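Trainee: I am new to this model. Please take me closely through one part of it, and then show me how that part sits in the rest.

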Amino acid sequence: MIRFPLVFDISRTHLLSKIKQTTVASLGVTFGIGTYIILMGFMTGLNGLLDGLILNRTPHIQVFNKTTPSEIQPVERFNKATTDLHYVHSVKPKARLERIHNALPLLSELRRHQQVKGATPQTTAKVFYLAGANKLNGVLNGIQVREEIRLFNFKDYITEGDVLSLVRRKNSILLGAGIAKNLSLSVGDRIQVMSTNGTTFSLLVSGIFQSGLAEVDDVQSYISLPMAQQILGAGRNHITRLHVKLFEMADAVPLARTIETLYDLRALDIKTANAQFDTGSDIRNLISYAVSITLLLVAGFGIYNILNMFIYEKMNDIAILKATGFTGTDVKWIFITQAMVIGLLGGTMGLIMGYGVSIFIDNLPFITEALPTIKTYPINYDPLVYISGVAFALTSTFLAGYLPARKAQQIDPVEIIRGQ
Amino acid sequence: MLETRHIDKYFLEPVKFHVLKDINIELQKGEFVSIMGKSGCGKSTLLYILSTMDTAYEGELWIDGDKMSDLTQNELARIRNEKIGFVFQFHYLLPEFTVLKNVMLPALKLGREDVEGIRARAMEKLEILGVSDQANKKAYRISGGQKQRVSIARALINDPKIIMGDEPTGNLDSKNSENVFNILKTLCDSMGMSLLVVTHDIDFAERTDRIIEMGDGTIL
């Protein structure tokens, strides 16, 4: 029978009498767990930021008209039965309308789908921005601004002005930052745009839009959907793209396939559109896990070493305890308890250190052109990281303590006593 | 109280060596016996077998009517805790613990009483041995003679049946050894404990009830 209060009492006396080694061993765990938490918080925070940057803003499925050559050419339908090889030179895509056929019924159909969180229509109009004698190429995207904000964090792109002005005034425009700079325009100014059929429109700059990608910011601007349709001289059903957001990103691939089979449209899923991003995210996670585990292992070996030393110093004590009736199991638990106390102490200090440094990093300024809404370094305070940190501290110290403790359990007191 | 039947013991390293040859001894209740012999004759080895710490032997060991030879390590630890008290040549206290705690530990392990009761009894034992004023000092801060008396107090804490000593006076000057002998003798007479002491000290041995003389692994 093990008397744990007694075991704990003996462990405490041992630890307190070697306060220096105890502190050093605990500090090993502290740094291990602390850096684990900092690293994980920082890395997952960064990943979350990039996820937010790309995944949250990118539609899970983009639906638009495809302009690819027909896969089956008429000659193949006509002469299907023959074994002759048909070869058609210089195949051209079929002429199609730019707008999606029956877009409005399709949109409400998508919105009713149970996997779909929401869907937004967009109408793209190619225009020229007029600046004196210059004509700059441009693209105006007509959007339903409230839905874009709800589903794709559209608000994050707007660095100046009021995003909802698109709703209030039909002829307002959220101008791309590059264009605004090139034409030296700011909020409140007017800009002339000319549509491809030659009509000129005067729009009020009510906000500046910045995505962080120069090639987008130099070309694209946002206006309300009806305004875009008016510029194109088209009706309310003129919609060129549908952007779909799902509840689960994983459903994107099969649903995109379904849309493509049901309608004669191209449905691009996010996996295909952002394949390289997914890989980058995975590898960053892998690296941070590998580094964290290495840190914790190093801390574990530190504890193992120190406990081994403890046991060599305590050979006499072990022999006395055994001679006076303590069992090997008692002795084993005395040393495991010491390891666990070191682990608990170091782990707790590691939590505090990790949390403290995380707060510090969280307040460091981090200003970058690409991310207009980010002001400080991103940190993730996921409780799971803290829980797993403490759990790992306890498991690793238990294991690091268990091996030397088992050695202590097996020490033969006669050998020690004779050896004197 | 304690009996051995045909105990044989071999050392296997560095070469096989027959240390103890057919040892048969008996110790009565309340008897004070010393074991004498030249260095290397096997008397310490015998004591470690009798103490149940060394289990690698052939033959039978009986303590207080029970056969020890078949018990597990944990059961033997319990026997050592409850029935046997040890006094070593070197003082063997736990240096970082207080004198009082050193005496209390075997009783805390046994757990027959609550902590307060054990503390009171440990103080009582220290009183008997005249070192109660050292009770709250750390064990490494007291003198050799005091340490030896503390270790006797520790051996007594669970009121064992047998006290075993491996040269308990070997490291003490004549005054202190006289002291230790008197203490042991008194205990033996007043409490009815059996005492078994390995010693080189002929004066010490001659004053015990019986001397077992050993030579070359046998009893002479």
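Mentor: His6(B) counts as exposed, with 11 C-beta neighbours inside 10 Å. The cut-off for exposed is 12 or fewer. This residue lies in strand β1 of chain B, which covers residues 2-11. Its phi is positive, about 50°, although His6(B) is not a glycine. Keep in mind that this is a predicted model.

Asp64(B) has 17 C-beta neighbours inside 10 Å, so it counts as partly exposed.

Now for the chain around these two residues. Chain B has a mean pLDDT of 85, and 100% of its residues reach 70 or more. Its secondary structure comes to seven helices and 11 strands. The C-alpha trace spans about 50 × 40 × 35 Å along its principal axes. A compact globule of 220 residues would have a radius of gyration near 17 Å, and chain B agrees because its own value is 17 Å. Of those 220 residues, 46% count as buried. Take the contacts in chain B between residues at least 6 apart in sequence: 72% of them join residues at least 24 apart.

How many of its residues are buried? The count is 11 of 12, so read this helix as mostly covered. The buried ones include Val99(B), Leu100(B), Val103(B), Met104(B) and Leu108(B). Lys101(B), Asn102(B) and Lys109(B) are also on the buried list. What do these residues pack against? Within chain B, the partners are α2 (73-83), α4 (115-128) and α5 (144-156).

Leave out residues up to four places away in sequence, and Val103(B) touches Ala122(B), Lys125(B), Leu126(B), Val150(B), Ala153(B), Arg154(B) and Ile157(B). Nonpolar side chains tend to be buried together in soluble globular proteins. The largest nonpolar core here has 109 residues, and those touching the most other members are Ile303(A), Leu307(A), Phe335(A) and Val103(B). Helix α14 of chain A, residues 328-362, gives this core its largest share, 11 residues. There is also a second, separate core of 30 residues, with Ala177(A), Ile179(A), Ile223(A) and Ala228(A) among its members.

An α-helix has 3.6 residues a turn, so residues three or four places apart point the same way.

For the complex, the predictor gives an ipTM of 0.88 and a pTM of 0.72.

Finally, the partner chain. Chain A has 16 helices and 10 strands. Its radius of gyration is 34 Å, well over the 22 Å that the globule rule gives for 420 residues, so chain A is more spread out than a compact globule. Its C-alpha trace spans about 105 × 65 × 35 Å along its principal axes. Buried residues make up 38% of the chain. Chain A is divided into domain 1 (4-55 + 277-419) and domain 2 (61-73 + 91-273). The C-alpha centres of these two domains lie 52 Å apart.

Arg236(A) sits in the loop between α9 (225-232) and β9 (241-246). It is exposed, with 11 other C-beta atoms within 10 Å. Its C-alpha atom is 8.9 Å from that of Leu104(A), although the two residues are 132 apart along the chain.

Definitions and conventions:
Residues numbered from 1 in each chain as written. Chains lettered and ligands numbered in written order. Predicted model: local features only at pLDDT ≥ 70, side-chain atom pairs only at ≥ 80, totals over all residues. Buried ≥ 20, exposed ≤ 12 C-beta atoms within 10 Å, placed from the backbone. Helix = DSSP H or I, 4+ residues; strand = E, 2+ residues; numbered from the N terminus. Contact = placed C-beta atoms within 7 Å. pLDDT = per-residue confidence, 0-100. Domains from an automatic or database assignment. Core = buried A, V, L, I, M, F, W, Y, C linked by C-beta atoms within 7 Å. Rg over C-alpha atoms; globule rule 2.2 N^0.38 Å.
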